[in-house]
Amino acid sequence: MMHPTTRLPAGAVRACLAGLLAVCLGLAPAVAPAQPASAQGQSRKAPEREGRRLPPDATTEHRIDLGEGRTLGFKATAGSLGLVDEDGKLQAEIAFIAYLKPGTAEESAARPITFAVNGGPGAASAYLNIGAIGPWRLPTDGGTISPSQRLDLQPNPSTWLDFTDLVFLDPVGTGYSRAADGDGKKYWSVESDASVLAATIARYLRQNDRLASPKFFVGESYGGFRGPLIAQKLQDDVGIGLSGLVLLSPVLDFGWLQSPRTTPWGYVTRLPSFAAAALERAGTTPDRTLMREAEAYAAGDYLADLLKGPSDREAVARLTERLSALTGLDPETVRRQAGRISSSSYQREIGRDVGRVASAYDTGVTGWDPDPGAAHSGFEDPVLTALQAPLSGAMVRLYTERLGWRVENMRYELLNNAVNRGWSWGSGRSAPEAMGALKDVLALDGTLRVLVVHGFTDLVTPYFTSKLLIDQIPVYGEADRLKLSVYPGGHMFYTRPDSRKAFHADAADLYARALRARSDGSAGGGGAADRPRPTP
């Protein structure tokens, strides 16, 4: 999730615990194991639990029916990883849920393992777990979401467990993860967050004898922003290489996501999503072919007329005519905003005649406007807010009833506003970005593959932003090492069965290509390593 209140504050960075991060990244012997059994269920020495509030890990076995004659057997472990400082003092407990296919040590070593993280900042991994790729999912399909819906989990035919083991991680302050002293602020910054998550991934791999496995990362929204940063830290600081990244509705550059109203970029990047929403309202499913006209106009004549300024009457007239046709908005509404349509305005205007408001996360999901007669109406998001109750309740039931891991006297934090409000974005004049890290990891590792995925009708992280940014990345070897896929739906497009199925297919293809490249030992060719080196 990208939390709607996320903003880039001015000011200094909050200092993090450099000593703790150094230990975590190096995984010095002082870091005590937190899991008493390996992925194969072999007995291990019981972990030191001094200062631990979370219960010991619980492992259960399951078999689910995926339909069409398909069944899936797997082992699930719910538990936590303890991070300690150089003196062995507990600093934080990172909660996780791991789903593993049973097998021998050799089979497990050859099987891919994927670490999944959501965003916010401040969001737990429940959205990816029981919404998209885990073995069970909570149905939230349809044009509206009810906070009081049933909490019954169903088998997920599109789970990724058929091609990879899965480990869902919750950063400090989300889910049941916590700082040992109760103050998680030292973990709530771009740099320390990525460092601790990289350390947690390395810790899990070493503790469970999975260092030899092909390793992948999937992150949603701010979790997608984390992906390249974590991959770079694993490469450079920990000594672990990832085979692939899947970045779902990511923010690659915050300078593009939250551009000022006086600059054109926000309007340019959102326009194709407005046009896709109009197609859906007209009964047409958007696809990349249908979106070509809107994309070409957004990056061409639309941008040119925006740069002329709102005082240019001819430019505003052209904008009004074209935008009204593409978005389905009333021409007077477009003219009044001089062709500079805000997301909040669009959310309300497309359903004003029936008193409905659309979600910024998916314009195809709507709710009632609480004050339809007001000139300006504040309203809860029909997706993000409506999902909080059912996802939270379903996760607590999953932990206690299916996974046998009961956490007493602690609240499950699905979306922690305190984390979001307390986040430190870094110092300096530039907005945080992951583009530099993405280019670095792709250039350094010629076998690494990256899949960026979006929904057409997402106004929070519009797909066209990623498209324009990806176009600025050189081709390092094979062109398909960095791929963009866009599906019907919004920020959480996986609530739609067809999009979830297409996402599964694209991810499986990325894994297969990455594993072939890993097996061949090919770095893509055409790089500096293939050219003759000068003799010293």
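The following dialogue examines how terms are applied to a predicted model.

Modeller: Two conventions apply throughout: residues are numbered from 1 along each chain as its sequence is written, and side-chain values use heavy atoms, with hydrogens and water left out. In this predicted model, local features need pLDDT of at least 70 and side-chain atom pairs count only at pLDDT 80 or more, while totals for chains, interfaces and linings use all residues.

Biologist: How many helices and strands does the chain have?

Modeller: The chain has 16 helices and 14 strands. Helices (H or I, at least four residues) and strands (E, at least two) are DSSP runs, numbered from the N terminus.

Biologist: What percentage of the residues of the chain count as buried?

Modeller: Of the 536 residues, 59% count as buried. Buried means under 20% relative accessible area, exposed means over 50%, and partly exposed lies in between (1.4 Å probe, protein chains only).

Biologist: Why is the pair of Tyr487 and Phe503 called tilted?

Modeller: Rings of Phe, Tyr and Trp (its six-membered ring) pair if their centres lie within 6.5 Å; planes under 30 degrees apart count as stacked, over 60 as edge-to-face and the rest as tilted. By this rule there are 32 aromatic pairs. The ring centres of Tyr487 and Phe503 are 6.1 Å apart and their planes stand at 55°, so this pair is tilted. Tyr487 belongs to strand β14 (residues 482-487) and Phe503 to helix α16 (residues 497-520), so the pair links distant parts of the chain, 16 residues apart. Tyr487 and Phe503 are both buried. Both also belong to one aromatic cluster, together with Trp160, Phe163, Phe216, Phe493, Tyr494 and Tyr511.

Biologist: What makes Arg322 a charge over the ring of Tyr297?

Modeller: A charge sits over a ring if NZ of Lys or CZ of Arg is within 6 Å of the ring centre and within 35 degrees of the ring normal. The charged end of Arg322 sits over the ring of Tyr297, 4.4 Å from its centre. Arg356 likewise lies over the face of Trp368, at 4.4 Å from the ring centre.

Biologist: What is the span of α9 set against?

Modeller: The expected span of a helix is 1.5 Å times one less than its number of residues. Helix α9 reaches 20 Å from its first C-alpha to its last, close to the 21 Å expected. After α9 comes Gly328, whose phi is positive, near 80°.

Biologist: Why is Asp165 called buried?

Modeller: Asp165 has a relative accessible area of 1%, and therefore counts as buried. Asp165 lies in strand β7 (residues 165-169). Contact means heavy atoms within 4.5 Å. Not counting residues up to four places away in sequence, Asp165 touches Tyr99, Leu100, Lys101, Arg111, Pro112, Ile113, Thr114 and Arg210.

Biologist: Why is Asp371 called partly exposed?

Modeller: The relative accessible area of Asp371 is 41%, so this residue is partly exposed. Asp371 is found in the loop between β12 (366-368) and α12 (384-402). Leaving aside neighbours within four places in sequence, Asp371 is in contact with Arg348 and Ser377.

Biologist: What is noted about phi of Glu68, and about phi of Ser249?

Modeller: Most residues other than glycine have a negative phi, and most peptide bonds are trans. Glu68 has a positive phi of about 55° although it is not a glycine, and phi of Ser249 is near 45°, also a positive value. Glu68, in the loop between β1 (58-67) and β2, counts as exposed because its relative accessibility is 80%. Ser249, in the loop between β10 (244-248) and α6 (254-257), is buried because its relative accessible area is 0%.

Biologist: Which peptide bond is cis?

Modeller: The bond from Gly120 to Pro121 is cis, with omega near -15°. Pro121 is placed in the loop between β4 (113-117) and α3 (126-133).
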